[in-house]
Amino acid sequence: MKEEDKKIIGNKKHLYDETVIYDEANLPQELKEYINELKEYDKKKDWFSYDLKFDVLEMRAKVYLLNNVIKEYDYKKILAKYGWLYD
């Protein structure tokens, strides 16, 4: 990892993007549980476990999207907030 990347990561207050505002109330319970686990890893600054769990969240959210349980908006917000992934 480059030194400049370490500075960027070290300056983040959270492992997720706190600037993305999103209401998770209407998500399926399974996705809420994954998000809560991510927040716990964030509190511990356990980026390794966070990254592994985010991959699971991303895959499960995609399944819910493809089965019309969540909207594309929800899927994109999950990716943006917890995975720092933007279109």
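**View 1. Helices α3 and α4 are roughly antiparallel to each other.** The model is predicted, so local features need pLDDT of at least 70 and side-chain atom pairs count only at pLDDT 80 or more, while totals for chains, interfaces and linings use all residues. Residues are numbered from 1 along each chain as its sequence is written, and side-chain values use heavy atoms, with hydrogens and water left out.

α3 and α4 pack at an angle of about 175°. Their axes are 10 Å apart. An axis here is a line fitted to C-alpha atoms, for helices over the stretch in contact, and angles run from 0 to 180 degrees between N-to-C directions. From α3, the contact uses Tyr50, Phe54, Leu57, Glu58, Ala61, Lys62 and Leu65. From α4 come Glu72, Tyr75, Ile78, Leu79, Tyr82 and Gly83. Contact means heavy atoms within 4.5 Å. The residues of this contact of α3 with α4 divide into nine nonpolar, one polar and three charged. Ala, Val, Leu, Ile, Met, Phe, Trp, Tyr, Cys and Pro count as nonpolar; Asp, Glu, Lys and Arg count as charged; the others, Gly among them, count as polar.

**View 2. The whole chain follows the pattern α-α-α-α.** Helices (H or I, at least four residues) and strands (E, at least two) are DSSP runs, numbered from the N terminus. The chain has 87 residues, of which 32% count as buried. Buried means under 20% relative accessible area, exposed means over 50%, and partly exposed lies in between (1.4 Å probe, protein chains only). Take the contacts between residues at least 6 apart in sequence: 63% of them join residues at least 24 apart.

**View 3. Helix α2 packs with helix α3.** α2 covers residues 29-44, and α3 covers residues 47-66. Their angle is about 165°, with axes 10 Å apart. α2 and α3 are therefore roughly antiparallel to each other. The residues of the contact of α2 with α3 divide into eleven nonpolar, one polar and five charged.

**View 4. Lys53 and Phe54 sit in helix α3.** Is Lys53 buried or exposed? Its relative accessibility is 16%, so Lys53 counts as buried. Leaving out residues up to four places away in sequence, Lys53 touches Tyr34, Glu37, Leu38 and Tyr41. Phe54 is buried too, with a relative accessible area of 7%. Beyond its neighbours within four places in sequence, Phe54 is in contact with Leu38, Ile78, Leu79, Tyr82, Gly83 and Leu85. Phe54 and Gly83 are 29 residues apart along the chain, but their C-alpha atoms are separated by 6.7 Å.

**View 5. The largest nonpolar core has 18 residues.** Such a core is a set of buried Ala, Val, Leu, Ile, Met, Phe, Trp, Tyr and Cys residues joined through side-chain atoms within 4.5 Å. Which members touch the most others? They are Leu27, Leu31, Leu57, Ile70, Ile78 and Tyr82. The elements giving two or more residues to this core are α2, α3 and α4 (72-83). The largest share, six residues, comes from α3. Follow Ile70: not counting residues up to four places away in sequence, Ile70 touches Leu27, Pro28, Leu31, Ala61, Tyr64, Leu65 and Tyr75.

**View 6. Lys81 is a buried residue of helix α4.** Its relative accessibility is 10%. Lys81 touches Tyr16, Asp17, Glu18, Val20 and Glu24, with residues up to four places away in sequence not counted. Lys81 and Glu18 are 63 residues apart along the chain. Their C-alpha atoms are separated by 6.8 Å.

**View 7. Asn68 and Trp84 have positive phi values.** Most residues other than glycine have a negative phi. Asn68 has phi near 60°. Asn68 lies in the loop between α3 and α4 and is exposed, at 70% relative accessible area. Trp84 has phi near 55°. Trp84 is found in the segment after α4 and counts as partly exposed, at 31% relative accessibility.

Conventions:
Parallel < 35°, antiparallel > 145°, perpendicular 65-115°, else oblique.
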